[in-house]
Amino acid sequence: MKKDRVLRIVLIPVFAVLTAVGAQISIPLGTVPVTLQMLFVFLAGFFLNPMDALTAMVLYLALGVIGIPVFANFSAGFQHLVGPTAGYLWAFPIAAFLISYLRKINYFLAGITGLAVVYLLGWSVLGLFIKNFSKAFLVGVLPFIGIDFVKMILALYASKKLEKIMEGK
């Protein structure tokens, strides 16, 4: 049991750091860049228990708020949690929690649900900022659906492999 607790304590910051690294792998596409953050949100949800997945993403946000440049383009600061892309960031902990919780039912459904939460919150906040929900959908959701679906499939595959490794199979 102690070994499991130590592993959990290690994995939470590991997933926060992986999400930060994923944020730096960025391709600018207008207002919202394509990053690998969602890949690690999916992985945290598929691999960690619900509270650990949520905690890892909250830790990621906290690191950025206190000034560590973990957000896209090596940026940091509270302004990211109140700006046009804030909805995406706030959705990460919720999505990771839901993915982890729902994976017991179905991994694919869990991933789609987590992605829907990120899109819904991200699109809503972006729409409020630019005062145009249609445009927000066109720039903040539509270009990313296929890319994020591929990230979800990759995360699903990787998490299954990781589980087998961790179980010693």
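Phe74 sits in the loop between H3 and H4. The model is predicted: local features need pLDDT of at least 70, side-chain atom pairs count only at pLDDT 80 or more, and totals for chains, interfaces and linings use all residues. Residues are numbered from 1 along each chain as its sequence is written, and side-chain values use heavy atoms, without hydrogens and water. Helices (H or I, at least four residues) and strands (E, at least two) are DSSP runs, numbered from the N terminus.

- Phe74 has a positive phi near 50°, in a residue other than glycine.
- Its relative accessible area is 58%, so Phe74 is exposed. Exposed means over 50%, buried under 20%, and partly exposed in between (1.4 Å probe, protein chains only).
- Asn73 is found in this loop too. Phi of Asn73 is near 60°, again positive in a residue other than glycine.
- Asn73 is exposed, with a relative accessible area of 58%.
- Most residues other than glycine have a negative phi.

**Helix H4**

- Trp90 lies in helix H4, residues 86-102.
- Trp90 counts as partly exposed because its relative accessibility is 44%.
- Not counting residues up to four places away in sequence, Trp90 touches Leu61 and Leu81. Contact means heavy atoms within 4.5 Å.
- Ser100 has a relative accessible area of 0%, so Ser100 is buried.
- Beyond residues up to four places away in sequence, Ser100 touches Gly45, Leu48, Asn49, Pro50 and Ala53.

**The largest nonpolar core**

- The largest nonpolar core has 47 residues, of which Phe15, Val41, Phe42, Phe46, Leu48, Tyr60 and Phe92 touch the most other members. Such a core is a set of buried Ala, Val, Leu, Ile, Met, Phe, Trp, Tyr and Cys residues joined through side-chain atoms within 4.5 Å.
- H1, H2, helix H3 (50-65), H4, H5 and H7 each supply at least two residues of this core.
- H2 gives the largest share of the core, 9 residues.
- Leaving aside neighbours within four places in sequence, Phe42 is in contact with Ile99, Gly111, Leu115, Asp148, Lys151, Met152 and Ala155.

**Helix H7**

- H7 has 23 residues and reaches 33 Å from its first C-alpha to its last, close to the expected 33 Å at 1.5 Å a residue. The expected span is 1.5 Å times one less than the number of residues.
- Buried in H7 are Asp148, Lys151, Met152, Ala155, Leu156 and Ser159.
- An α-helix has 3.6 residues a turn, so residues three or four places apart point the same way.
- The buried residues of H7 pack against strand S2 (34-35), helix H2 (37-47) and helix H5 (107-130).

- Of its 13 lining residues, Asp4, Leu7, Leu11, Phe47 and Met166 are the closest to its centre.
- Helix H1 (2-24) and helix H7 (145-167) are the elements that give two or more residues to the lining.
- H1 gives the most to this lining, with 5 residues.
- The pocket is an open set of points on a 1 Å grid over the protein atoms alone, where a 1.4 Å probe fits, with protein on both sides within 12 Å along at least five of seven lines; lining residues have an atom within 4 Å of a point.
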